[in-house]
Amino acid sequence: MSTLLPLLDALDDRPQAVSLRELGYEGLGDAVVDVGCGSGRAVGELAARGVRAVGVDADPAMIETATARWPDGEFHVADASCLPLEDGSVTGYRADKVLHVVAEPELAVAEARRVLAPGGRAVLTGQDWDTIVIDSDDPARTRSIVHTRADGLPHPRIARRYRNLLLDNGFTDVTVEVRTLVWTDAAVLPVLANLGGDGAWLAEQAARAREDRLFVAVPIFLAAGRLSPGDSR
């Protein structure tokens, strides 16, 4: 977690990421569960809007951080497939940058349906790890780095399945948008280091940052769907 948290903070601070979160908050209603809540930022932002927000994360260290940052928030250590909520008890569900690491994404989305009230809205957000775009003098090496990092994750390509996961679990009016986060400065270097590139490759990217020639783009998929008002599960 000590390595992951600064990366998440750096990503979530980007103006494009802020705009994407705002988009994802739309239509979630007055009671929301944030699955994979991390440091609790979304819980805090939703609470500031008057929403009852509950943060859930499988990592106790993340929940400890979230509680410290947002002492008035409600946070729980729990698995995405077994949420500490009653059936139909929330109007909104969000899972941001998390389904690629859960054991069974299908069960997580089924759990979203369970805890949502009829008419409730689910929002799934995240990247497809095969689609990171990085300008480099060595495109073959860059392609290998991106794909090797992707293949080390449990479900690196789950974002392209968001729509079908929602449809398969009875959600209707399912939509998908793609927003691209773009870096042209050194702020992205820790993210690139986390991809697992070697020293020479990272040195090239650092030089590009110094020379204002760096370019990294990460498409983020946002899928949303709603349960029908008459959903009887």
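In this predicted model, Cys 37 is classed as buried, its relative accessibility being 7%, whereas Cys 82, at 54% relative accessibility, is classed as exposed. Because a disulfide requires two cysteine sulfur atoms within 2.5 Å, the number of disulfides assigned to the model is 0. Cys 37 takes part in no disulfide, and the cysteine sulfur nearest to its own, that of Cys 82, lies 16 Å away. For Cys 82, likewise in no disulfide, the nearest cysteine sulfur is that of Cys 37.

The interior was examined next. In soluble globular proteins, nonpolar side chains tend to be buried together. The largest nonpolar core of the model contains 36 residues, of which Ile 132, Ile 134, Trp 183, Leu 192, Leu 195 and Val 216 touch the most other members. At least two residues of this core are supplied by each of the helices α2 (15-25), α3, α4, α6 (139-151), α8 (189-195) and α9 (199-210), and likewise by each of the strands β7 (172-183) and β8 (216-226). Strand β8 provides the largest share, with 5 residues. When residues up to four places away in sequence are left out of account, Ile 132 is in contact with Gln 127, Val 146, Leu 195, Ala 217 and Val 218.

Helix α5, which spans residues 105-115, has Pro 105, Ala 108, Val 109, Glu 111, Ala 112 and Val 115 as buried residues. These residues lie on the same side of α5, because the arc that they cover around the axis is only 155°. The buried residues of α5 pack against the strands β1 (31-35), β4 (90-96) and β5 (116-127), as well as against helix α7 (162-168).

In helix α3, formed by residues 41-48, the buried residues are Arg 41, Ala 42, Val 43, Gly 44 and Leu 46. Just after this helix, Gly 50 adopts a positive phi of about 90°.

Note on methods. Residues numbered from 1 in each chain as written. Predicted model: local features only at pLDDT ≥ 70, side-chain atom pairs only at ≥ 80, totals over all residues. Heavy atoms only, no water. Buried < 20%, exposed > 50% of the residue type's maximum accessible area, 1.4 Å probe, protein only. Helix = DSSP H or I, 4+ residues; strand = E, 2+ residues; numbered from the N terminus. Core = buried A, V, L, I, M, F, W, Y, C linked by side-chain atoms within 4.5 Å. Contact = heavy atoms within 4.5 Å. Arc of directions from axis to C-beta.
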